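Subject: Structure handover

Hello,

Here is the structure for you to take over. My notes on what was found in it follow below.

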Amino acid sequence: MEEARKFGFETRQVHAGQRPEPNTGARAVPIYQTTSYVFEDPESAAAYFNLQEYGNTYSRIMNPTVAVFEERMASLEGGCGAVAFASGIAAQAAALFTLLQPGDHVVSSSALYGGSVNQFKHMLRKMNVELTWIDPDNLDAWKTAVRPNTKAFYGETIGNPGGNVLDIAAVAAVAHEHELPLIVDNTFATPFLCRPFEFGADIVLHSATKFIGGHGTSIGGVVVDSGEFNWSNGRFPVVADPSPAYHGLQFHETFGTYGYCMKLRAETLRDLGAAMSPFNAFLFLQGLETLSLRMARHVENAKAVASFLASHELASNITYPGLPTSRYRPLVDTYLPRGTGAIFSFDCRGGREAGQEFIRGLTLWSHLANVGDSKSLVIHPASTTHRQLNDDELRAAGVGPGTIRLSVGTESVDDLIWDLEQGFARVAASARSEVAPG
Amino acid sequence: MSPSFDLTRYQDPLTIQRTLHNAKTIAVVGLSKNELRASYFVGYYLKRHGYRILPVNPREPEILGEKSWTSLRDIPVHVDVVNVFRAPDAVPAIASEAVAIGAGSLWCQFTVINEEGARIAEAGGVNVIMDRCMKVEHARYIGRMHWLGFNTQRITSVRGGLQ
């Protein structure tokens, strides 16, 4: 018999989703590297495939190692359940596929990760889903973008790369006024810094590739459902009506709170096939065990790096929302009191050339296209991810020619600042040599 | 849609676990013959896990291979749990019947919330569980809910038995 104790975040990041394996007593989460599962008898097999019994059938749809990761994420976010995917982008596509059909409309923050922008702009259009991009900081823009065929609001807790902090409660209130779900990408905050469900969000997404793992070894994503949204409000026939892909089953009526999650797994994951591998789930679980410890350290280092940059003559436009001067200060106090993550950008004086020189001068920060690693990461968008754009196009994309994006890791902060000084020294030397006569 | 009374007293984990462990017979009031309805899913699941299901549905002669009864009072064996799949306003009458037949518990499914019904059952010595699904709670404490990524809210380092 178990009492109803409310266990703390740090306990749940280590334990949730796993009980010692009953057959062997293994304390660590076993890696069930199997494609399929032997059925007890034909009747059990039928019950599993009919969703009448919780049972394993095939690892494209469920796997006991992946399930530990899913339940742990659901626990940390405070949701009713979660479904893991092969990547964050796959998780996002699946979250939307589950509730959209051709002719629908989505309202999204324009301050999104570039990969999300691409998916929304191109893939949703192919599905004949309309999209309205809005400035997430403007509450009226969310309100006026709603149409009769709107099916979801979408935003990031902390915008990439502008550092916009989403007013989750206010945006959720607008969404709920129109009986719409608010979907929040919580990758940059992690559930340690912000739990969007506590402020009214309905679905939370993560690229687990980032802080959830923290080790930069694995690509993965996850969708967490609050279980609170009423999919039977008449706007979501795709979720509420009898499913032709499941012999007429009405997922929301039959499974109630768990309806969206069941449909996400039994239909969307089954049919899109972007399953997380058991080994990756195991690695993400190793990461989650230290999430609170790592995030506290990321935040501490990011604060120090941001204030170093704020006082440096070659750095400007620092987008870290944790700076005392940030225009997001009141929202930070509400949503991110423990810190605003560790990913932000700044402009290096001297434009495109100076940005490249800065990167050349670094020897500890890793120059690559990822964020949320324990190792500090840096990228110069104008010479990499946004290379095809001229200076005017860059500005339109919110990226300056000298913009540098940082993902502050957990190393000794003095070493990180020392390396950034090496970068600035190289920029300064390069500027001197350009003006030197002869 | 939050109720005007404290529902948590009817959602006590120890009462839920005791009920699941001790029950042998479950009368399912409002059990549908339609295999896609929630009540059928729950009845099928509970039967599969060894409980004796006693359907209460006057419109059907037989459901899940079991004789369907017109009312709780007609059931000739002791009823451990009265599991309710009816509209909330039907609960007080069902609670009175549960008291009359000496049932052990009145278990009302998700959204089947009625304060008067709960009071009638309690006053008659019947345990009350309300706004909880019997399948989900069984799967949480005894079954395999954790295999599908649902949040069981269980934390334990005690080695479990074979499933």
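How many residues of domain 1 of chain A are in contact with domain 2 of chain A? In this predicted model, 24 residues of domain 1 meet 27 residues of domain 2. The domain assignment puts domain 1 of chain A at 9-288 and domain 2 at 292-433, and their C-alpha centres are 30 Å apart. On the domain 1 side of this contact, the elements that give two or more residues are α1 (9-15) and α8 (190-193) of chain A. That side divides into twelve nonpolar, nine polar and three charged residues.

Next, the contact between the chains. Here 42 residues of chain A are in contact with 31 residues of chain B. On the chain B side, α1 (13-22) and α2 (38-48) of chain B are the elements that give two or more residues; α2(B) gives the most, with five. By class, the chain B side has 15 nonpolar, eleven polar and five charged residues.

Last, a helix pair within chain A. The axes of α4 (residues 88-99) and α11 (residues 259-272) of chain A come within 9 Å and cross at roughly 110°. Angles of 65 to 115 degrees count as roughly perpendicular, so α4(A) is roughly perpendicular to α11(A). The crossing of α4(A) past α11(A) is right-handed. From α4(A), the contact is made by A94(A), F97(A) and T98(A); the residues from α11(A) are Y260(A), K263(A), L264(A), T268(A), L269(A) and L272(A). By class, this contact has six nonpolar, two polar and one charged residues.

Regards

Note on methods:
Residues are numbered from 1 along each chain as its sequence is written. Chains are lettered from A and ligands numbered from 1 in the order in which they are written. This is a predicted model: local features need pLDDT of at least 70, side-chain atom pairs count only at pLDDT 80 or more; totals for chains, interfaces and linings use all residues. Axes are lines fitted to C-alpha atoms, for helices over the stretch in contact, and angles run from 0 to 180 degrees between N-to-C directions. Helices (H or I, at least four residues) and strands (E, at least two) are DSSP runs, numbered from the N terminus. Angles under 35 degrees count as roughly parallel, over 145 as roughly antiparallel, 65 to 115 as roughly perpendicular and the rest as oblique. A crossing is left-handed if the near helix is turned anticlockwise from the far one by less than a right angle, and right-handed if clockwise. Two residues are in contact if their C-beta atoms, placed from the backbone, lie within 7 Å. Ala, Val, Leu, Ile, Met, Phe, Trp, Tyr, Cys and Pro count as nonpolar, Asp, Glu, Lys and Arg as charged, and the others, Gly among them, as polar. Domain bounds come from an automatic or database domain assignment.
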